[in-house]
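Please walk through the architecture of this protein model, from the overall fold down to individual residues.

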Amino acid sequence: MKKFCYILRVLTVAPIIAAITFCILRFVSPEIMGGNLNFIISLLCITVLPLLAYPLQPIMPKFKGRGRDGQRNLAIIMSVIGYIVGIICAFALNMPAKMTVLLITYFISGILIFLFNKAFKVKASGHACGVAGPIAYLTYVYGPIALLGIPLLGIVAWSSIYMGRHKWTELVVGGSISVASLFISIIIVNFL
C-alpha cells in the first residue's frame, strides 16, 4: 500500500496537475490559453521549472544531502521563480484574462505556501494546494462539472495522511490557500 501511495503522490505533484490543467485548457478551450506560445510558456514556468528541483537538489550545495526537506525547499523556491516568470509573461504577452487569472493564482499560492511554511511556521500542504487549486480554477471556468475532480483531492489527502506526510489541518490549510488565491486573482484581473 505504501508503494501505491508513493506513486500516487508522485503522479499528483503540483507541476503534473498543472500540466494536466494546461492540456485541458489547450485542447478543450484554446481561447482561454490564447495560443501555442502561451501553452509552452505556461508548461515551462509552472511545470518544468518546479520539477527541475528534484534532479538539481543532489548537486546544489545548499540543498544537497538534506533529503526530502532539501527537495521540498528547493521545489518551493523553483516554483516561485517559475510563477514570477509566468506572471511577467502573462502581462508582457497580454495573455487572455482567464489564463492570467490562473498564472496569478499559482504565483499567489506559491508565495502563501512559502510564507506559511517558512515565515509563520505553519506547515501548509503544497500537494493539497496543487490539486485543490486546479479543481477550483476549472470549476471557475467550466462550472460544477469540474467538481468531479474532488475525489482526486480526497485520494491525495488520504495518501498524504497514510504516508505520514501531512495532518488533516495541513491539507485543509494548503487547499484553502489555493482557493483563496483564485478569488484574489479574479479580483486583481477584474480591476486591471
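The model is predicted. The protein chain contains ten helices and zero strands, and its pattern along the sequence reads α-α-α-α-α-α-α-α-α-α. The radius of gyration is 16 Å, close to the 16 Å that the globule rule gives for 192 residues, so the chain is as compact as a globular protein of that length. Along the principal axes, the C-alpha trace spans about 40 × 35 × 30 Å.

Of the 192 residues, 48% count as buried. Among contacts with a separation of 6 or more, 70% are made by residues 24 or more positions apart. The accessible surface of the protein chain is about 9600 Å², and 75% of that area belongs to carbon and sulfur atoms.

Helix H10 covers residues 168-191. With 24 residues, H10 reaches 35 Å from its first C-alpha to its last, close to the 34 Å expected at 1.5 Å a residue. Its buried residues are Glu170, Leu171, Gly174, Gly175, Ile177, Ser178, Ser181, Leu182, Ser185, Ile186 and Val189. The spacing in that list can be read against a general property of helices. An α-helix has 3.6 residues a turn, so residues three or four places apart point the same way. The cover over the buried residues of H10 includes helix H7 (97-119), helix H8 (126-142) and helix H9 (150-162).

Ser185 is found in helix H10 and has a relative accessible area of 0%, so it counts as buried. Leaving out residues up to four places away in sequence, Ser185 touches Val101, Ile104, Thr105 and Ile108. The side chain of Ser185 also reaches the backbone oxygen of Ser181, at 2.7 Å. Ser181 is itself among the buried residues of H10.

The next element to consider is H7, one of the helices that cover the buried residues of H10. H7 has 23 residues, which should span 33 Å at 1.5 Å a residue; its end C-alpha atoms are 31 Å apart, which agrees. Thr100 lies in H7 and is buried, with a relative accessible area of 5%. Its contacts, leaving aside neighbours within four places in sequence, are Ala90, Phe91, Met95 and Val189. Val189 is one of the buried residues of H10. The side chain of Thr100 reaches the backbone oxygen of Met95 at 3.3 Å. Although Thr100 and Ser185 are 85 residues apart along the chain, their C-alpha atoms are separated by 8.4 Å.

Most residues other than glycine have a negative phi, and most peptide bonds are trans. Asn94 is placed in the loop between helix H6 (67-92) and H7, while Lys121 is in the loop between H7 and H8. Asn94 counts as exposed, at 68% relative accessibility. Lys121 is exposed as well, at 66% relative accessibility.

The cysteines are the last topic. A disulfide is a covalent bond between the sulfur atoms of two cysteines. How many disulfides does the structure hold? It holds zero disulfides. Cys89 is in no disulfide, and the nearest cysteine sulfur, that of Cys45, is 5.1 Å away. Cys89 is buried, with a relative accessible area of 18%. Cys129 is in no disulfide either; the nearest cysteine sulfur to Cys129 is again that of Cys45, 17 Å away. At 8% relative accessibility, Cys129 also counts as buried.

Definitions and conventions:
Residues are numbered from 1 along each chain as its sequence is written. This is a predicted model: local features need pLDDT of at least 70, side-chain atom pairs count only at pLDDT 80 or more; totals for chains, interfaces and linings use all residues. Side-chain values use heavy atoms; hydrogens and water are left out. Helices (H or I, at least four residues) and strands (E, at least two) are DSSP runs, numbered from the N terminus. The radius of gyration is taken over C-alpha atoms; the globule rule is 2.2 Å times the number of residues to the power 0.38. Buried means under 20% relative accessible area, exposed over 50%, partly exposed in between (1.4 Å probe, protein chains only). Contact means heavy atoms within 4.5 Å. Accessible areas come from the Shrake-Rupley method with a 1.4 Å probe; for residues, only the protein chains shown count as cover. The expected span of a helix is 1.5 Å times one less than its number of residues. A polar contact is a pair of N or O atoms within 3.5 Å; within protein, one must be able to donate a hydrogen and the other to accept it, and residues adjacent in sequence count only if both atoms are side-chain atoms. A disulfide is a pair of cysteine sulfur atoms within 2.5 Å.
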